[in-house]
Amino acid sequence: MQSTNDIRQSFLDYFAAADHAVRPSSPLVPHNDPTLMFVNAGMVPFKNVFTGLETPPAPRATSAQKCVRAGGKHNDLDNVGYTARHHTFFEMLGNFSFGDYFKEQAIEHAWTLLTSEWGLAKDRLTVTVYHTDDEARALWKKIAGLPDERIIDIATKDNFWAMGDDGPCGPCSEIFWDHGDHIAGGPPGSPEEDGDRFVEIWNLVFMQFVQSGGEIDGALPSPSIDTGMGIERIAAVMQGVHDNYDTDTFKALIGASESLTGVAAERERQASHRVIADHLRSTSFLIADGVLPSNEGRGYVLRRIMRRAMRHAHLLGANEPLMHRLLPALVTEMGQAYPELTRAQALIAETLEREETQFRRTLDKGLKLLDEATGDLGEGDELPGETAFKLYDTYGFPYDLTEDALRSRDIGVDRAGFDAAMAQQKEAARAAWKGSGQAADSEVWFDIAEREGGTEFTGYNATVGEGQV
Ligand code: ATP
Ligand code: MG
Ligand code: MG
Ligand code: MG
């Protein structure tokens, strides 16, 4: 069996042999894009190269890039633990051409690596193309010999990539693995596609046009290639399992979580172990890259992820902080590929333990309040927004944690009511601040907070409750 670490190396070796410069992963906090919370794709560190602002490091490059998708445009937080294929933290394997090779070689490389180098069964691969991209369709036919019905036209934005309203853009082609008819789901584009039978493993982006104001405005002078393959998904395929959470890395983390809690990852407990394993990775890597838990911006996203995992640890009956005790298992699995993890191990452990100790002080009380407030509620009902706000404000429950806690009972949360309560508190804080005679600064402060996203702002310190830190 190829380990995840072997697969990463094998991918980079393959592209290095095809003249790609091997680039290390960039940190999760983007250095070149203030609008982006975390690096969420392998191409992010190369954005300025694709737009022509920076000269390419080489005509071709390859990398295994750390990614976090837990907020903003790509938010997979709610999927974690409930789909076979989503994580908040994952690694994206990529090959890039900066005006060098284009569509034909990109497809050829992908097909050769998957089917010759790695020996995957050709009849279990299906691809999509953008509906107007006849060139890609013809190339898949020529290179891979795929029959027409396994080259599926997609007309939605899923198969058309753009950097923003202005800049490079172009059609994509996604490669799917059929995990077999014992799993519910249909091919991409079919009404049953939401199942997990056909899993997207690799996305090839053909940067071909330039957009301005959201409209295509001509051809890109030097067409480029950006591809991304989730290592956890390809590891599942190559290790013969359906679920990312059954691959070597996750088995080790979930095993550690099972032995420390004494609870097997079965039935209704499975999702908790998965959430813990996933969130351990995202929180540890974020801390290693310099993010610390706080009440705003990136630090609050980190805190949300941490606390969510900590509620699941509590659910498994952990009587004392758990997360930091799982860290050695993560360092064993990933410390060699990512030395920053090993270097920051003490800081990560300390941060996790401190946060969990702090949060546990109010967690019990908060959960009790939640139980009382939902005692009369049933499937399809909603928790009043004001209660969710109280949980947030007094007990330090991030909004999504409350949502997650009620998910198994099919109870929703009144988001509008929560937002209204938040806005009211902000208004009160703003008034109090203005009264302090420092109005000019406060405008700037509140504007920043608002840009970071309304619910991530937790109010002025004077109104911070017991649960906040
Ligand atoms: P999906 O449709 O399954 O959500 P996506 O189209 O959003 O995936 P891309 O943005 O194309 O994903 O990212 C490139 C690759 O990265 C995907 O083909 C997949 O292998 C992997 N990937 C994307 N999101 C995740 C995630 N949350 N967890 C693990 N792997 C992911
Ligand atoms: Mg997605
Ligand atoms: Mg997709
Ligand atoms: Mg995709």
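Helices here (H or I, at least four residues) and strands (E, at least two) are DSSP runs, numbered from the N terminus.

This is a predicted model, in which local features need pLDDT of at least 70 and side-chain atom pairs count only at pLDDT 80 or more, while totals for chains, interfaces and linings use all residues. Residues are numbered from 1 along each chain as its sequence is written, chains are lettered from A and ligands numbered from 1 in the order in which they are written, and side-chain values use heavy atoms, with hydrogens and water left out.

Helix α5 spans residues 231-238, and since eight of its eight residues are buried, it is largely enclosed by the rest of the structure. Buried means under 20% relative accessible area, exposed over 50%, and partly exposed in between, with a 1.4 Å probe and protein chains only. The buried residues of α5 include Glu232 and Arg233, along with Ile231 and Met238.

Leucine 406, in helix α13 (residues 399-407), also counts as buried, at 1% relative accessibility. Leaving aside neighbours within four places in sequence, leucine 406 is in contact (heavy atoms within 4.5 Å) with Leu370, Thr374, Leu383, Ile411, Gly412 and Val413. Leucine 406 and glutamate 379 are 27 residues apart in sequence, and their C-alpha atoms are 9.8 Å apart in space.

**The magnesium site**

The magnesium ion (ligand 4) is coordinated by Glu174 (OE), Glu200 (OE) and Asn203 (ND2), at 2.0 to 2.7 Å. Donors are N, O and S atoms within 2.8 Å of the metal (3.2 Å for Na, K and Ca), and because water is not among the atoms, sites may look incomplete. Along the chain, the donor residues of this ion follow the spacing E-x25-E-x2-N. Glutamate 174 lies in strand β9 (residues 167-178) and asparagine 203 in strand β10 (residues 198-212), so the pair ties together parts that are 29 residues apart in sequence. Both glutamate 174 and asparagine 203 are buried. Glutamate 200 bridges the magnesium ion (ligand 4) and the magnesium ion (ligand 3), which lie 3.3 Å apart.

**Helix packing**

Axes are lines fitted to C-alpha atoms, for helices over the stretch in contact, and angles run from 0 to 180 degrees between N-to-C directions.

| Helix pair | Axes and angle |
|---|---|
| α9 (residues 323-334) and α11 (residues 345-374) | 8 Å apart, about 155° |

Helix α11 passes α12 in a right-handed crossing; a crossing is left-handed if the near helix is turned anticlockwise from the far one by less than a right angle, and right-handed if clockwise. The residues that meet include Phe359, Leu369 and Leu370 in α11 and Leu391 and Tyr395 in α12, and the contact divides into six nonpolar, four polar and two charged residues. In these classes Ala, Val, Leu, Ile, Met, Phe, Trp, Tyr, Cys and Pro count as nonpolar, Asp, Glu, Lys and Arg as charged, and the others, Gly among them, as polar.

The crossing of α9 and α11 is right-handed, and its contact residues include Met323, Leu327 and Val331 of α9 and Ile348, Leu352 and Glu356 of α11. By class, this contact has seven nonpolar, two polar and two charged residues.

The crossing of α7 and α8 is left-handed, with Val275, His279 and Leu286 of α7 and Ile305, Arg308 and His312 of α8 among the residues that make the contact. That contact comprises 10 nonpolar, five polar and one charged residue.

**Loop residues**

Most residues other than glycine have a negative phi. Aspartate 19, by contrast, has a positive phi near 65°; aspartate 19 is found in the loop between α1 (4-17) and β1 (21-23) and is exposed, with a relative accessible area of 61%. Arginine 267 has a positive phi of about 40°, sits in the loop between α6 (248-261) and α7 (270-288), and is exposed at 68% relative accessible area.
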